[in-house]
Amino acid sequence: MSEQTPYDDDSVLAAEYALGLLEGAEAQLAQARMAEDQAFVDLVRAWEAELAGIAEEVAPVEPPPRVLAALRRDIFGQQDRRWWQKIGLIPSIVGAAAAAMLVLIAVEFGVLDTGAPPVPDYRADLVGEDSDLVVAAAYLDARGELLVDRRAGGARPDRALEVWLIPEGEAPISLGVLPEERQAALSVPQPARPKLAEGAALAISDEPPGGSPTGAPTGDVLAVGPITAM
Amino acid sequence: MHHIAGACKGRGWRRLRAGDRRKRVAPGRGLGLDVPMTEHADLEAMLSRVGLGDRGAFESLYHATSAKLFGVCLRVLKNRAEAEDTLQEVYLRIWDAAVGFRPGQASPMSWMITIARNRAIDRLRARKPGTESTQRADGTDLLADLADDAPGPERSALAAETRAQVLRCFEELPEDRAIAVRRAYLDGDTYAELARHFDVPLNTMRTWLRRSLMKLRDCLSR
C-alpha cells in the first residue's frame with residue numbers, strides 16, 4: 001500500500017472519499033477530517049454533486065406502490081401517534097402580525113360584552129402542515145375563554161374541526177368543535193385552564209360532525225401551534 | 001434563462017473556483033430526471049417544505065423523483081427486493097435530512113442521487129463478505145437494460161449541452177479510465193476490485209485512477 005502518486009492536493013483525496021475508494025487508515029483519516037475540516041467537506045460535496053451526473057445514464061424505474069405505502073407507515077404513522085410531542089418542532093409562520101390582529105379581535109369581543117377591552121394572556125398561531133388551515137387564537141384567563149379566528153381554510157366536507165389543548169407531555173384535551181363562523185369564543189373547561197400556558201400547544205384535528213367520539217383526536221391533525229404569553 | 005443559472009448553482013466544482021466562469025451551458029435534463037430544468041426550482045421548494053415536515057410536499061417529491069432514485073438503487077444493487085428496501089431508507093433519510101439541504105450547495109437532484117447511491121453502496125458492501133470479493137451475492141434479478149454502462153444511441157444523440165458535465169469530461173479520459181470511475185461510482189468497486197478487473201497491479205490502479213481524477217477535476221473546473 002505504498003504511496004506511488006502523491007496527492008495533487010486534497011481534491012483527489014476528496015474524490016476518493018466521495019467514491020468510497022479509501023480503506024483502512026486512509027478512510028479513518030478522511031472520516032475524521034469530514035468532522036472538523038470544512039474545506040475538505042466542501043471538496044467532498046463538490047465531487048458528490050459532480051459525480052451524481054453519472055446517474056444521468058441510469059434509466060428511471062418506477063418503484064412498486066408498496067414502497068410509498070411503507071414510507072407512509074414509517075413517517076406518517078409514527079407522527080400520528082406522537083404528533084403532540086413533536087409540535088415544538090413546527091415553526092410558527094404567522095408571527096407578529098397575527099398577534100396584533102388578535103388584540104383587535106379581543107377588543108371586538110370585549111367591546112360587545114363589557115365595553116372594556118380585555119387583554120389576552122396567551123396566544124397561539126395554528127398553522128397547517130399540509131392543509132391550508134390557519135387559525136389565530138387568544139386566551140383570556142379571567143373569563144376562561146379562548147377566542148379563535150379562522151383566517152384561512154376550513155373543515156372538510158361533512159367533517160368538523162375540533163380544537164385541542166395539548167399540555168406538555170400530556171394527552172390532548174378537547175376544547176370543543178369550531179362553529180362555521182369565522183370567529184368564536186370557546187369556553188375552556190375549568191380543570192384545563194391552568195394547563196393553558198406556555199409549553200403547551202393548541203391543535204385542530206379533522207373529526208366527524210359533532211367532534212371526536214372517543215375524547216381523543218381521531219382524524220388528521222390539520223393545524224398546530226405553540227402557546228406563548230402575550 | 002433563469003433555469004440555466006439555477007442549474008449552475010448545483011454544479012460542484014465550478015462553485016469552488018474563484019472567478020467562476022459560468023459561460024458553459026448547464027445540463028438541461030437535470031441529471032436524467034425527465035423533466036425540464038425549470039422543475040429544479042419546484043424540487044427545491046418541495047425539499048424545503050419537506051424540511052418543515054410537510055407530508056404533502058414529501059409525497060410530491062416522492063412522485064417526482066422516486067423512479068430515478070429507484071433506478072440508481074437497482075443499478076447498484078441489481079436486486080429488486082434490496083433496491084426497494086434501500087429506496088425506503090433513502091426517502092426516510094431525505095425526510096430527516098431535508099431540513100439541512102442548502103439549495104446553493106447542490107442541485108436537489110444530485111443531493112438526492114448522492115444519498116441513494118451512497119446508501120445503495122453501503123448495502124452492497126454489507127452484502128459482500130469482504131472488500132476483496134469479486135462475486136456479487138446474486139445477479140438473478142439483474143435487469144439486462146440496467147447493466148449497460150455504455151451510452152446508447154439515444155444518449156449520444158442528446159445535444160452535448162444537455163449532458164452532465166462529468167459525462168462530457170469522461171470523454172477526455174481514456175475509455176478504460178472513465179469506466180473505472182463509473183465502476184467505483186455505480187458498482188462500488190474498491191481499488192483491489194478495479195485492479196483485478198483491469199488486470200493491473202494494485203498500485204498501478206491507484207496511480208491510474210488518481211491521475212484520472214485530477215484530469216477530471218481540471219475538466220470540471222473549466
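**A helix pair in chain B**

Modeller: Helix α9 (residues 175-187) of chain B packs against helix α10 (residues 191-198) of chain B at an angle of about 140°, and their axes are 11 Å apart (axes are fitted to C-alpha atoms, for helices over the stretch in contact, and angles run from 0 to 180 degrees between N-to-C directions). At that angle α9(B) is therefore oblique to α10(B) (under 35 degrees is roughly parallel, over 145 roughly antiparallel, 65 to 115 roughly perpendicular, the rest oblique). This is a predicted model, in which local features need pLDDT of at least 70 and side-chain atom pairs pLDDT 80 or more, while totals for chains, interfaces and linings use all residues. Residues are numbered from 1 along each chain, with chains lettered from A and ligands numbered from 1 as written.

On the side of α9(B), the residues that meet the partner helix are Asp176(B), Ala180(B), Arg183(B) and Ala184(B), and on the side of α10(B) they are Leu194(B), His197(B) and Phe198(B) (contact: C-beta atoms, placed from the backbone, within 7 Å).

With neighbours within four places in sequence left aside, the contacts of Leu202(B) are Tyr191(B), Ala192(B) and Ala195(B). For one of these, Ala192(B), the separation from Leu202(B) is 10 residues in sequence, and in space 6.0 Å from C-alpha to C-alpha.

From α4(B), the contact draws on Phe58(B), Tyr62(B), Ser66(B), Leu69(B), Phe70(B), Cys73(B), Leu74(B) and Leu77(B), while α5(B) supplies Arg80(B), Glu82(B), Ala83(B), Thr86(B), Leu87(B), Val90(B), Tyr91(B) and Trp95(B).

Chain A brings strands into the picture, for it holds 5 helices and 8 strands, which run α-α-α-α-α-β-β-β-β-β-β-β-β from the N terminus on. In chain A, 62% of the contacts between residues at least 6 apart in sequence join residues at least 24 apart. The 8 strands make an open sheet with antiparallel pairing, in the order β5-β4-β7-β8-β1-β2-β3-β6 (chain A) (strands pair if DSSP finds at least two bridges between them). Its edge strands, each of which pairs on one side only, are β5 (173-177) and β6 (183-187) of chain A. On average, and with direction ignored, neighbouring strands of this sheet are turned by 25° against each other.

The bridges can be followed strand by strand. Strand β3 (residues 145-152) of chain A runs antiparallel to β6(A) and is joined to it by 5 bridges, with Leu147(A) having Ala185(A) as its bridge partner in β6(A). Strand β1 (residues 122-127) of chain A pairs with strand β8 (residues 221-229) of chain A over 4 bridges in the antiparallel sense, and here the bridge partner of Arg123(A) in β8(A) is Thr228(A). Strand β7 (residues 201-207) of chain A also pairs with β8(A) in the antiparallel sense, over 5 bridges, and in that pairing Leu202(A) stands opposite Gly225(A) in β8(A).

Note on methods
Contact = placed C-beta atoms within 7 Å. Helix = DSSP H or I, 4+ residues; strand = E, 2+ residues; numbered from the N terminus.
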